[in-house]
Every structure is written in C-alpha cells, then in structure tokens.
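Q: Please go through this model with me. I want to know what lies behind each label.

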Amino acid sequence: MLSLISSVYEIFLFRKRKQLLYRIDPRIKLLHLIFILATIVFVTNVYLQILILVYLVALTLIGADISRIWRSVKNMLKMLMLFYIVIYIVNAFPKLLDLGVAFQSFIAIFRFFMLIYCFSLFFTTTPLDDLTQALYKLGIPYHIAFTFTLSVRFIPTVAKDFITVYDAQRARGLELEKGGFLGRVRKFLALLIPVFIVSFLRVDRVAEVLESRAFGAVRRRTFLYELKIKLLDALFLIFSSIPLLLVIYLQYCLLSCVW
Amino acid sequence: MVKAIEVENLWYIYPNGVVALKNINLEIKVGEKVAIIGPNGAGKSTLIKHFNGLLKPFKGTVKVFGTDTRKATVATLARRVGVIFQNPYHQFFSESVWDEVAFALKNFGFSEEAIRYRVTKVLRLFDLYDYADRSPFTLSSGEMRRLAIATVLAYDPDVIVFDEPTVGQDRFQKEKIREYIKLLSLQDKTIILVTHDIDFVAEGFDKIVVMNKGEILAIGKPKDILYDEELLTKANLIMPQIPRLVKEAEAYNILKHKPLTEDDLARKILEILRCSM
Amino acid sequence: MTIIEVDNLTYYYPGSSKPALANISLKIDRGDFLLITGPSGSGKSTLVKTFNGIIPHLYGGRFEGKVSVKGKDTRYCTVAELSRTVGIVFQDPENQILTLSVEREVAFGLENLGLPRKVIRERVENALRDLNIEHLRDRIPIELSVGEQQKVIVASVMAMMPEVLVFDEPTAHMDPLSALKFLDLVYELNMKGYTIVIVEHRLDMVAKYANKMIILKDGKIVAKGKPKDILPLDIAEESGVDVPRYVRLYKKISNIVEIKRFPISVEEAAIMLKEVLSRGKSY
C-alpha cells in the first residue's frame, strides 16, 4: 500500500533530462494529453487500441526516459490485476468462466492502463512548478494552481508522519489486526487523529513562511523559468497529432462503413 | 542472570535498500542506565525500534529478556519495553487526559480496577490529576511531555527508552527529564536514552554507546568516552564543554581525573590550588 | 543606526487573557548580533514574529505599543513589504520548504515579488554560491539532510536581500557538529554586514558572537546587555536559561580565585583554567 503511494508520488518528482518531451511547453503537452485521452476514449476497436499503445511507447522511446516510466508503472500493475479480477467477477456473475467477459474486462483494464501511462508520461516530463505556471498562464489564479503543487510536496511529509504515528501507537500496544470491524474503526482513529492534528499545526507554520516570502504580494508574478511557446512546441503538436488523427479516422471508418 | 536487551550481529536494511545498521553487538543489563549517542542518521532510532519489535532484524538476533523479537509481537514486547517518543503530538488522540493514559493499559489487557488505580496513581505522580477530564490538547508543551511519559509509566514497563527527549527543551525541562530518569532508576528500571545532546549525557549514565553510520564505534564509561576526542570526531560529535576546556587548557593533572561536570571540575581546581599553597 | 525599534510592546494572542509579550522595549542597530534566549513559552518566537509583521497581520490579536522597521510602523506595512528588510528562518526546515527543487525554492520569494527574471537568476546564483550549495541546485529539498535543508532555507531568505536575518532556534533539530557549523555561518553573515537576531538555547556556541543579548521570561525582558555582563548574573540561571557549564564553573570559582576575564566561550574558559592553575603553581 505504502509502495503504491510512494510510486504515485515518484511520478511527480521531476528530474532534469534532455529528451524531447522534457523540453516541450506544459501547455502544449496538456493539449496533447487531452487529445490522447480523447482518442483512447473514442477508439473501441482492439487493434486500434494496440496501435495507440505502440504510439505511446514510441513517444516514450523518442521523447522520455523509458526506464523511469516503467518503474512508476510497474507498481501499479499489481493494483491493476486486482481491479481486473474484481471487474471480471462482477461482470461474469453468476457464471464462473466466461471468455467474452474475460476479454471485455481485459480491454477495460487495458484502457485504464493506457490512461495511467499517459499521465505518468506527462508528469515525469513536466516539473510540477511549470505545470502550476502553465495553469496560471491559462487564467487560473496562482494561489489555486499552487495548492496542487504544495499538496504533492507534502505527500512524503504526511506519509512520514503516518508511519511515526503508527509506530508510536503500536508501541502503546495497539494491534490493528485484532478486533471486530467496529473495534478496528475505533483503532484507526488512534492513527488518523494525530496525523490530522500534526497537519493542522503545520498549516500555521506554512502560512507564516508563505507570508514571509511575500506570497500573493504582486498581481503579476514572474518566474525563474518562464514558459514560452516555441517553434519546437508547434511542430511537436502537429506531428504528434497526425498518428492520433489517423487512428480516430480509422475508428470512424469502422463505425460508419458497412463492410 | 538474563539480560534486559541482547543484540547479536544485528543488521538492518530498509526496503529501499539503505543499510541502516551494520553488525550491531550490544548487551544491556537489568537496571543499567545507557545512553546511545551519535549524529543524525547514525541509526540510533532504527536500533531502538528493534527493542520493542517495531522493526525485526534483517540478519542477526535481538533478545528482550531472553525472548527473540522475531518470535514475539510488538504488543508483547512493548509491554516490557516502553518507548517515549520525541513529539507528543504523534500519539495523542483521546478526548481526555484520563483516556490517553488508559489507552495503553486497555491495549495490554489490564482490568478495569487496575486501570483506575494505575491511571490515578500516575496522574497524581505527574501533577496532572486535576487535568484528568481535560483534553490533552489543552495542555502546555511541558504538561504534554509529562503526559507522554505518564502514559508509558502507567503500565510499568521494565525498560524505558527515551527517544531524543532533549530536542527543543529548555534547561528546566531537561532537568525534569533528569529527575524522572533518577526516579525510574530508583525503581530498578532499565533506562535507555537516545540523543545527540552530548552535554546531557555527561551525568547520570552507567555506560555510553557511540554510533555513527549504522555502526557502534565504542561502548564504555562516560568518563572514557566523553574524553576521547578522536572517537567523538569519528562519530561526527564534539566533546562536551567541560572535557573540551580541560583538554584545551592542557590541564594534565586534572585530565587524569576526567571531570564531566562543572562541580567536579571546580572541586578539582580548588583541591589543586589548596595543595599548592 | 537603529534598524528595528520596539517601543513598549504588549501583545495578546486572539482570545488570550494573558499577554504573550509585556512592555517590551529594545533597539536593534544595523550590524548588531542580537541573541535572544529564555525558557520555553517566554515569548521569544512571538517577539521575532513582530519584526516582519507576521504579528499582528497574520495572527491578529491585541497589539499595543509600536514596532518600527527602518522607521516605519509595522502595523501600517504589509508582511510582503517588510520581508524585503527582515527575513526569518524558523526551526523546522521541513515545514519551510515549499517546492520540489532547491533552485526554485531559492527563487520562490523573488518570483512572488514579481522581480524581473534576470534579477531573480542573479540573486539565486549569488545565494547558492554564498551558502556553498550550488551542487544541490537540482536536488529535491526534502531529500537533503537537516543541515543542508536549513542552508537552502537561509539561501531562500537571503535571495530576497533583507538587511536583517532573524533565526528562530535554527539548530533545534541539528546534531552538535552541524549546529556549530551553522552558527559559525551565521556569524560569517554578520561579518558580511547582515544584522542578525537569533533565538537560541545553545549559548556555548553562539554567545561569543553576540554583541547584545536579552533574556525573556513570561513575556518580559528580565535582562538586557552584553552577553558577558548578563550570563554570570543569577537571574540568568533563575530564568531557566541554558547557561553554559563553563559559566557556571566560573561562578563557582570566581569567589575564591580572582579571574580577570569572563569566559564567553569554551576557548576562553580553557584559557581561564590554564591561567588559574598556573597561578596555583606559583604559590
């Protein structure tokens, strides 16, 4: 469970690289991401979906760090397998074995996997602060855009608090494995309440620091790394959209053509 | 005579691959007062988490009163080894001070009567009885610390471990902690204190364990350890004030007595001055 | 030249009937190294938070008296304005880090002020260089050690180029060696021209650098002056101040032996000891 949280968190940790996707403006990437998501949702044909995956892998090989992506995605696979089993059982009921359902469930998980893959690709190649700036430039007030970055920034801190509280309560004899459902819920409070309280106390300090660093002082905020849309970004958008348009067209043909 | 804590060839590696403890060998006898010192990241906290089973050895064994920690649950070990953590906010969650103290007792299966008796006793001992119905979050920071210690003493463990008790504390608070250690020691409790506060461990301990980078560099008597400049430098620590000034003054006739407190040193100085008159 | 002046300040936190600070008056001159100490709850943190306007602007409460920074009353300035003169470093580095990159952390305050990119770049470079953390620029701040984190925070504050640097128990979570190095660094900054205000318990490491010192107890100043004049006073020990062991040694033997110079540091105490013992030999 903790490894899942840490692998999700890892996705947001940006490390500088030279590949293509790391150099594209986040706003363009956001547009591109929305386009890919739309394509995944619209396309229902299995072969075309595999084509989309090929497209994503090719994009990763050219423009990003494939070992990094694979590491993030690997930890999700266990969770995905769990989802697959649940979806299969729910849809196959009352039958135990249904090949049709097995296949459909697989397709559903496959599409979900591609969704996760796209998001991983986006976030590992985009510094969170740049995303905040992109949202700000798109019209969202900075302090709202910054909230997301700040929350991600504190994930490991809160996780550490949780572990500390867990240890402290276990050292007082707390045994989560024992007791009935209600008992366990009450025991969970012994874990949640201290974590919440420590987080609330933290808010005061963070507010003090934000104020001390003149947060919100000026209407037009500047940035150390200013986002600018370059020729490269435009070219990227054009060339990366062509395969997607092709796939959408093929799907459209399949839907409307009578073969 | 069974030892309170026996650590043999202990290695611990975190899931992310970091080697936190390397070949730790340590023996703590019943009733001893031990200080484990070292810089941040030395592995001190990792080590004490093995004493109540929060962490299980990667390699090697840890025995608490003869019981192998691998074969016992945290709850059974925690019953005998109480750990007082650094930040009271990491454990308080009850509606009242009374409930907070009773929490551990309930977990350890004490009877209603025993709980009532013990909670009353320990609250009175720590001057918190008048706050019994109040929320623990309405207490001052000093009172919260007292409460944190009270919650552990209520179930009367044989070994009491203090994890960095002096961080952020002023002199009065540190002296209070010293008093509690003395009090517990009178009751034959085994005391283990983890800290990087080199001046705090100058008095009140039978032996000092020096750690750095996951290893034990030395175990010895305070006088020997705290005057060993080379050892302390290797451990990324500095000498306490009194040994440091005695060494720097090159006062060799005082050096052989190795005074650790200003009282000891003052007495030696006056002795020497009187002798030479 | 006075840079911060506190004039009969009394402050109550919202909803509190007891004042956190009572009748505080003090003057901080440019170039000073002011050491503030006292037991827990004596109002030290509250006092330094009045220097950049966090109190009263962020907390509200009842604020009586006046705090002036460069002649301006803090009640009529915003915290953002004051942050360009007074920068504060608190004790818990983990809660002062707001971003996921050291470089951007240092740039954060400057970005908030809307400064031109060239100026931001220059100041970030200077701050990283002054604190010797250029090699950490692409690292994720929360993955650093406590000592390194504090340096990043100091750099972030320094980038805003304040004239006064305030430190609120900056070494609380550091081990003795890191603390020693950090406090030496603070002194270096004083030598470079920064006015320093520091709240500390580790007097053995920092008293030697201060030219002014105050002891707070229950929100009041109970002693004010030079460290060498205040530390030997009984009020220091009675207030719960962590009076260094060598000062207590001095007090124990100075009635019996004549000591010419009060030891402000361990080094001076060693000299004192040497001198006292050599006198004994001449009898």
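Q: What share of the residues of chain A count as buried, and what makes a residue buried?
A: In this predicted model, 25% of the 259 residues of chain A count as buried. The label requires 20 or more other C-beta atoms within 10 Å of the residue's own.

Q: What share of chain B is buried by that rule?
A: In chain B, 49% of the 277 residues are buried.

Q: Why is chain A called more spread out than a compact globule?
A: The globule rule gives 18 Å for 259 residues, while the radius of gyration of chain A is 23 Å, well over that value, so chain A is more spread out than a compact globule. The C-alpha trace of chain A spans about 70 × 60 × 30 Å along its principal axes.

Q: How do you know whether chain B agrees or disagrees with a compact globule?
A: A compact globule of 277 residues would have a radius of gyration near 19 Å; chain B has 20 Å, so the value agrees. Its C-alpha trace spans about 65 × 45 × 35 Å along the principal axes.

Q: What secondary structure do chain A and chain B have?
A: Chain A has nine helices and zero strands, and its elements run α-α-α-α-α-α-α-α-α from the N terminus on. Chain B comes to eleven helices and ten strands.

Q: What share of contacts joins residues at least 24 apart in chain A and in chain B?
A: Counting contacts between residues at least 6 apart in sequence, the share in chain A is 79%. On that count, the share in chain B is 63%.

Q: Into which domains is chain A divided, and where are their bounds?
A: Domain 1 covers 1-126 + 229-259 and domain 2 covers 128-227. The C-alpha centres of these two domains of chain A lie 28 Å apart.

Q: How many residues are in contact between domain 1 and domain 2 of chain A?
A: Nine residues of domain 1 are in contact with eleven residues of domain 2 in chain A. On the domain 1 side, α1 (2-12) and α2 (26-42) of chain A each supply at least two residues. That side divides into six nonpolar, one polar and two charged residues.

Q: How many residues does the contact take from chain A and from chain C?
A: The contact takes 29 residues from chain A and 33 residues from chain C. On the chain A side, α6 (128-137), α7 (142-170) and α8 (181-212) each supply at least two residues. The most comes from α8(A), with eight residues. By class, the chain A side has 15 nonpolar, three polar and eleven charged residues.

Q: Why does Val218(A) count as partly exposed?
A: A residue is buried at 20 or more neighbours and exposed at 12 or fewer. Val218(A) has 15 C-beta neighbours inside 10 Å, so it counts as partly exposed. Val218(A) sits in the loop between α8 and α9 (231-256) of chain A. Leaving out residues up to four places away in sequence, Val218(A) touches Asn112(C), Leu113(C) and Gly114(C).

Q: Which elements of chain B give two or more residues to the side that touches chain C?
A: 35 residues of chain B are in contact with 36 residues of chain C. The elements are α5 (141-153), α6 (171-186), α9 (241-248) and α11 (262-275) of chain B. The largest share of that side, seven residues, comes from α11(B). By class, the chain B side has 18 nonpolar, ten polar and seven charged residues.

Methods: Residues are numbered from 1 along each chain as its sequence is written. Chains are lettered from A and ligands numbered from 1 in the order in which they are written. This is a predicted model: local features need pLDDT of at least 70, side-chain atom pairs count only at pLDDT 80 or more; totals for chains, interfaces and linings use all residues. Two residues are in contact if their C-beta atoms, placed from the backbone, lie within 7 Å. Helices (H or I, at least four residues) and strands (E, at least two) are DSSP runs, numbered from the N terminus. Ala, Val, Leu, Ile, Met, Phe, Trp, Tyr, Cys and Pro count as nonpolar, Asp, Glu, Lys and Arg as charged, and the others, Gly among them, as polar. Domain bounds come from an automatic or database domain assignment. The radius of gyration is taken over C-alpha atoms; the globule rule is 2.2 Å times the number of residues to the power 0.38.
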